[in-house]
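Reader: Please show me the structure. Then I will ask about its parts, one at a time.

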Amino acid sequence: MKKQCTDIEILNDLTMLIDMAIVDKDTPITVREGKIIKEGFSEEIDYLNKLMSDSKGILAGIEARERERTGIPKLKVGYNKVFGYYIEVSNVHKDKVPEDYIRKQTLTNGERYITEELKEVEKDVLSASEKVIRLEYEAFMKVVSAVKEKIGSIQKTSHAIGVMDVICSFAHVAVKNSYCMPIVDASDNLEIKDGRHPVVEQINEKELFVPNDTNLSGKGDSMAIITGPNMAGKSTYMRQVALIALMAQIGSFVPATFCHVGVVDKIFTRVGASDDLSSGRSTYMVEMSEVAEIVNNATKKSLIILDEIGRGTSTFDGLSMAWSIVEYCAEKIKARTLFATHYHELTELESTLPGVKNYCIAVKKRGDDIIFLRKIIRGGADESYGIEVARLAGIKESIIKRAKEILVKVENENPRERKTAARAEADTQLDFSGMVKDTIVDRLRMIDITTISPLEALNILNELKNKADEA
């Protein structure tokens, strides 16, 4: 901050010039329209502006002065389209006409004259609008020239003020919102404790924002596959991780209680659905193009955010592409990656790919109602709760009821044991026999992790381990 303070120049002379010359409100769109120079800066510009706005007053002033100078009480200043401006004197007072009056027209009852002053006024009135715009532009360019002479000092001062503004803003937000100072180094770590989204937590001030932890590193936990229902907070969580990493590297404190960020060379995101119909590109095509950009340019030092890869095509095609992309990111790129998906089959990759860990959003289900707990926990989600989310969105109950009937039918016709080619390939790498695996999976699905006690969890873990050992 000391360097910034020494770099700042007050530039009083330039400030006073601009303040005296340039109007600071209701300015025109371009400098060629006039009305940009303040009153009092130029006598000539002021005179012409007054002439345009009060020409009758100026002529009345001339008339009053000439009456006093000549002693002619009924001297009159007038105008017609043929002769322009004139001074009219009746024949009674012809002998009082000054020598500098120039006869312009003879009338029955008097004479009309012109003076040099009146000629100038006439000339100015007729050309005032064009002239004042030219003079104002010239005055403006003189101010611009004065600014150019100080451009180096202005740029140096502006940069110093900008840096101080950013630093002060960082400090203000950090204190106000209880941010912590991150550790930034050359490691591959990305460890965040109680991370929060810096924008969402401010928008929803009436709701308690649920903080979440993140632990990614290139040593063993480089990829997190995140499952869970829509609206539960997967996208918010992934975006907050990217924002925290970015904030840490630009010198800001971050919304967390602890943060350790190994320098990220690039942040790649593939979030949301969009199309480019004018170019004939569907949502899926746009998605694949963005994924191609990521896999072709990401490095081990990158941070990758992938949300719902494989939408917009058939279920099996989408699953196969998502599966293959996860494998490539984990085995080839090895970047720190967050991968959100509704393909629960991908959770099986935790047991086959090094560095891949399963996480899900905790959900509390009571009958047909669900409560999003917004908490990221270890493990994979057992379902997507799509029908329950549709009910929350306001879909008619008759549609919800029919959807449930169809779901039961589809699940009966396509039991979970029927695997796609991708799942079958992965299953060949599992250590469990099919029957024992299904038993363990079914047992895990029955567990309500939000209500189970530590002792019960330990007993269930021991039970499952014994079954695995028997296999």
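Reader: In what order do the strands of the open sheet of 4 strands stand?
Author: This is a predicted model, where local features need pLDDT of at least 70, side-chain atom pairs count only at pLDDT 80 or more, and totals for chains, interfaces and linings use all residues. Residues are numbered from 1 along each chain as its sequence is written, and side-chain values use heavy atoms, with hydrogens and water left out. Strands (E, at least two residues) and helices (H or I, at least four) are DSSP runs numbered from the N terminus, and two strands pair if DSSP finds at least two bridges between them. The pairing in this open sheet is antiparallel, and the order is β1-β2-β4-β3.

Reader: Which strands stand at the edges, each with a single partner strand?
Author: An edge strand has one side left without a neighbour in the sheet, because it has a single partner strand. That describes β1 (76-80) and β3 (102-106).

Reader: What does the twist average from one strand to the next?
Author: Axes are lines fitted to C-alpha atoms, for helices over the stretch in contact, and angles run from 0 to 180 degrees between N-to-C directions. From one strand to the next, the twist averages 40°.

Reader: How many bridges join β1 to strand β2?
Author: β1 and β2 form a hairpin, with 3 residues between them. N80 stands opposite G84 in β2, and K76 stands opposite E88 in β2. β2 covers residues 84-90 and runs antiparallel to β1; the bridges that join them number 5.

Reader: Which helix packs on the sheet, touching β1 and β2?
Author: Contact means heavy atoms within 4.5 Å. The helix touching β1 and β2 spans residues 55-70, and its direction makes about 140° with that of β1. It is α4.

Reader: Which helix lies across β1, β2, β3 and β4?
Author: β4 is 110-114, and the helix across these strands runs at about 150° to β2. That helix, residues 116-149, is α5.

Reader: What kind of aromatic pair do Y79 and Y85 form?
Author: Rings of Phe, Tyr and Trp (its six-membered ring) pair if their centres lie within 6.5 Å; planes under 30 degrees apart count as stacked, over 60 as edge-to-face and the rest as tilted. The structure holds 2 aromatic pairs. Y79 and Y85 lie 4.8 Å centre to centre, with 45° between the planes; the pair is tilted.

Reader: Is Y85 buried or exposed?
Author: Buried means under 20% relative accessible area, exposed over 50%, partly exposed in between (1.4 Å probe, protein chains only). Y79 has 45%, so it is partly exposed. Y85 has 8%, so it is buried.

Reader: How far apart are the ring centres of Y101 and Y113?
Author: Y101 is buried at 7% relative accessibility, and Y113 is buried at 4%. Their planes stand at 50°, so the pair is tilted, and the centres are 5.7 Å apart.

Reader: Which residue lies over the face of Y137?
Author: A charge sits over a ring if NZ of Lys or CZ of Arg is within 6 Å of the ring centre and within 35 degrees of the ring normal. R112 lies over the face of Y86, at 4.1 Å from the ring centre. Over Y137, at 3.6 Å from the ring centre, lies R32.
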